[in-house]
Amino acid sequence: MQKIAVIGTGRIGTHHVEALVNDVIGAEVTALVDPALSRAQELAKQFGIPNTYASLEEALADGDFDAIVISTPVATHLPLIEMAAKAGKAVFTEKPLGGSLQEARQIEEIINSTKVLFQVGFNRRFSESWAKAHALAAEGAIGTIQRYHSITRDPGPYGGNPDATPVGTIFKETLIHDFDTINWFMEGASPVSVYAAADALIAPEAKEKGFLDSAVVTITYDNGAIATAEASFSALYGYDLRGEAFGSKGMLQMGVPENTACRAYTAAGLSVTTDGTDTSRYHDSYVQEFQTFVERLNSKEIAHPDVLAGVMAQAIAEACQRSVDEGRVIKMEEVL
């Protein structure tokens, strides 16, 4: 069994603890870390986890674990990764790597120098339809990919606080999944330019403070391929992730808005449910990414989102924000 400490016991951290305890073979959660210690203690009691700590420093001094899973706000990622890596612990971190491309580069240097096992939480790669589509694309099923379109629409109505949302969140924390997936499918090609159009269409009163809730991004690659990605913070019908890869020999489509294959035909017409969240609709993809992490801890060589993948996705996100700020196409060489 690989002993794991989970850092952060908020919404996503709680989900990750549940997935690791109940669904990931070979994982044993031995510690929870959270400054909100009472919350961590309550979660530990629920899942029979023996140790809780208020800080990673305490956990490293006292705990017995092989790896950490970071499920904390992005501002904490760099110091937590640095501390764990220098202590020789394997690291799984939620996306994005850091709060900026500069921080992502620092993390890259830390991982490359310490050589600890590392993985970024780009779980869309592990969703069944994306994983199958990527395998088919890699086999040449659709020839050379010429176009890719990606959709991320969060379930509405939007209930967030624009004032508490960091500038650039729609690029750095929402569309960053799309940027990684696009780069993954475009393997062998490099992004050369980015143009982003974005606005506050859901909360227009917050736009003057830099808040953006709707965006469309165009990315061009050095082989001529063109990718587009769109996002919204409020899809009233549910959590909507989709992708389409168009190639010289065919097309692949991934994801559907519906959360079931059941169709109801009544006097009112056709109906199908579309509600759900990231953790309810894509739980299996989270389990698969953690299973990959554990198997890598057991010395298996398995493809995974590495630190460079995190850096490249963050570079595109940074180019997007510059594009919006400056109203122009940004060359990737300007940010890399």
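**Close-up views of a predicted model**

**View 1. Strands E1 and E2.** Strand E1 (residues 2-7) and strand E2 pair in the parallel sense over six bridges; strands pair if DSSP finds at least two bridges between them. Helices (H or I, at least four residues) and strands (E, at least two) are DSSP runs, numbered from the N terminus. This is a predicted model, in which local features need pLDDT of at least 70 and side-chain atom pairs count only at pLDDT 80 or more, while totals for chains, interfaces and linings use all residues. Residues are numbered from 1 along each chain as its sequence is written, and side-chain values use heavy atoms, with hydrogens and water left out. Ala5 stands opposite Ala31 in E2. Six of the seven residues of E2 (residues 27-33) are buried, that is, under 20% relative accessible area with a 1.4 Å probe, protein chains only; over 50% is exposed and values in between are partly exposed.

**View 2. The open sheet.** Six strands in the order E3-E2-E1-E4-E5-E6 form this sheet, with parallel pairing. Strand E3 (51-53) and strand E6 (118-121) stand at the edges with a single partner strand each, so one side of each has no neighbour in the sheet. E2 and E3 are joined by three bridges, and Leu32 stands opposite Thr52 in E3.

**View 3. Helices H1 and H10.** Helix H1 (residues 11-22) packs against helix H10 (residues 283-297) at about 65°, with the axes 10 Å apart. That makes H1 roughly perpendicular to H10; angles of 65 to 115 degrees count as roughly perpendicular, under 35 as roughly parallel, over 145 as roughly antiparallel and the rest as oblique. Axes are lines fitted to C-alpha atoms, for helices over the stretch in contact, and angles run from 0 to 180 degrees between N-to-C directions. Residues of H1 that meet H10 include His15 and Leu20, and those of H10 include Tyr286 and Phe290; contact means heavy atoms within 4.5 Å.

**View 4. Helix H8.** 10 of the 10 residues of H8 (residues 176-185) are buried, so this helix is largely enclosed by the rest of the structure. Among the buried residues are Asp178, Asp180 and Trp184.

**View 5. Backbone details in loops.** Most residues other than glycine have a negative phi, and most peptide bonds are trans. The bond from Lys95 to Pro96 is cis, with omega near -15°; Pro96 lies in the loop between strand E5 (90-94) and helix H5 (101-114). Lys115, in the loop between H5 and E6, has a positive phi of about 60° and is exposed, at 68% relative accessible area.
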